[in-house]
Amino acid sequence: MGIKAALSKPLAAWVNSRDQDWMRYPVQAQQAVLADIIKKAANTAFGKDHGFSNIKTHQDFVKAVPVRDYEGLKSYFDRVKNGEPDVLWPGKPIYLAKTSGTTSGTKYIPITKASIPNHINGAKNALLSYIHETGNSKFLDGKLIFLSGSPELEEVGGIKTGRLSGIVNHHVPGYLRRNQMPSFETNIVEDWETKLDKIVEETLPEQMTLISGIPPWVQMYFDKLQARTGKEIKDIFPDFSLFVYGGVNFDPYRAKLFKSIGKFVDSIETYPASEGFIAYQNSQKDSGLLLLLNSGIFYEFIPTSEFFNENPTRLTIGEVEQGVNYALVLSSNAGLWGYSIGDTVKFVSKKPYKIVVTGRIKHFISAFGEHVIGEEVERALFQTLRHFHGISVAEFTVAPHISATEGEPSYHEWLIEFDKKPANMPAFERTLNTELCKLNSYYDDLIKGNVLSQLRVTALPEAAFQDYMRSQGKLGGQNKVPRLSNDRNLAEGLLKV
């Protein structure tokens, strides 16, 4: 065992012991975070505009600070982007994380001196938690790769600006820097396919032990490795033992990814976002993500059924229930206030508080009142694949098909890129439809009432999703394909490609 692997174990034990303190008192931890960030931001422009000096309780906060998304806070974000100090948080941010928006174009999310430890420690502690539970630290002695955006930064309003993954790349601990791949020269290549080819060249001669990234882009890396060598990943990198991922539900990609690897490896799910590092999987015994309650972020939870109400219920950590879908709202030491991140989560444990990400609040199909959400389509597909041995899926999305002609059926169209197509597609469609009916009673009622016809699967050719993402300039990096949408824009784009 190398020195890094050996020294990581006492550090992991210390971090675990420290985390137990706030996990035992989660409500108090969150109350302390709220009081701290309100006090520190009281003299900012936002704090003065919203009477922070008069806020004493969460109810005071709810009355003073409405829930808003990026568009709702854009006037403040623009002032920050223009270099004005003391707008949302004291001073200026040290970074702006640039991310794609749907209505606002490019979004610029502030990262402050106070909030950067949340991003760095979240990722670090996910690994240390794994080491503490499993005792496996040998991977620290090998080569580690983080498939990410370019670490090259520009300046906007005098503030260093770039993709979150590129920003975080600058803060990789020194003791891991020598193990980190790819090289800086390769990592700053903007074109994803060119970059991936260079990564393959650099990593093939190395002993990779940890591989991290968004699953579809890691799969693309594996595909290129296999095309070059004709070998499974386990034979290319025999010491590869840990896969770290985030950004999307792993289940639809799991079968193909492990088939490419050729053996089982441990995996850690993380929940990083430009707005903050929110949670990570702290145990191999269950898939729930430990919500970080003492890391500079104050959380509120709105039942998804109320989200679009004028005055939705805003719950704190001590008021949530298991099994309910909530829209996630953040206030933080990055200067985010009542900020709707757009994600939906569900609690799977309250001792400690663990969540799973269930989708996006604006990603759903409700063309007929069915309100099918991302969690349901992913679960229905996962359950269906269990009935069809050897069938796996590379990527998929779902869209409504609304009949324009009286008498013709309307239905949900599933656009699926199979690695291996079902021999009996009608049986596959029936099973998938049945599984979705089990998960969504509104959809089931519409099927039984003949308002909707049984779903239909359109099998797309190999690399269809990659070709589409390439055509949109969104291949690789932190980009993700929406699981479902309430219109046909994505579906028609895919069909054209």
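Helix H17 is followed by Gly 473, whose phi is positive, near 70°. Helices (H or I, at least four residues) and strands (E, at least two) are DSSP runs, numbered from the N terminus. The model is predicted: local features need pLDDT of at least 70, side-chain atom pairs count only at pLDDT 80 or more, and totals for chains, interfaces and linings use all residues. Residues are numbered from 1 along each chain as its sequence is written, and side-chain values use heavy atoms, with hydrogens and water left out.

H17 spans residues 464–471, and Ala 464, Phe 465, Tyr 468 and Met 469 in this helix are buried. Buried means under 20% relative accessible area, exposed over 50%, and partly exposed in between (1.4 Å probe, protein chains only). Seen down the axis of H17, the buried residues fall within an arc of 130°, so they line one face of the helix. The arc is that of the directions from the helix axis to the C-beta atoms. The cover over these buried residues includes helix H11 (215–229), strand E18 (393–401), strand E19 (411–418) and helix H18 (489–496).

Aromatic pairs number 25 in the structure. Rings of Phe, Tyr and Trp (its six-membered ring) pair if their centres lie within 6.5 Å; planes under 30 degrees apart count as stacked, over 60 as edge-to-face and the rest as tilted. Phe 258 and Phe 264 form a stacked pair, 5.6 Å centre to centre with 25° between the planes. Phe 258 is buried at 16% relative accessibility, whereas Phe 264 is exposed at 62%. Phe 396 and Trp 414 are also stacked, at 5.7 Å centre to centre and 10° between the planes. Phe 396 lies in strand E18 and Trp 414 in strand E19, so this pair ties together parts that are 18 residues apart in sequence. Phe 396 is buried, at 0% relative accessibility. Trp 414 is buried, with a value of 0%. Ring pairs also link Phe 243, Tyr 245, Phe 250, Phe 258 and Phe 264 into a cluster.

A nonpolar core is a set of buried Ala, Val, Leu, Ile, Met, Phe, Trp, Tyr and Cys residues joined through side-chain atoms within 4.5 Å. The largest has 44 residues, of which Ile 278, Tyr 299 and Phe 301 touch the most other members. Helix H6 (residues 116–134) gives the most to this core, with 5 residues. Beyond four places in sequence, Tyr 299 has contacts (heavy atoms within 4.5 Å) that include Gln 30, Phe 277, Leu 315 and Val 329. A second, separate core of 41 residues includes Trp 217, Phe 237, Tyr 245 and Ala 399.

Salt bridges come to 27, each a side-chain nitrogen of Lys or Arg within 4 Å of a carboxyl oxygen of Asp or Glu. Glu 84 bridges to Arg 79, with the closest N and O atoms 2.8 Å apart. Arg 360 and Asp 343 form another, at 2.7 Å between the closest N and O atoms. That pair links distant parts of the chain: Arg 360 is in strand E15 (residues 353–360) and Asp 343 in strand E14 (residues 339–350), 17 residues apart. Arg 360 is partly exposed at 36%, but Asp 343 is buried at 10%. Salt bridges that share partners join Glu 193, Asp 467 and Arg 470 into one network.
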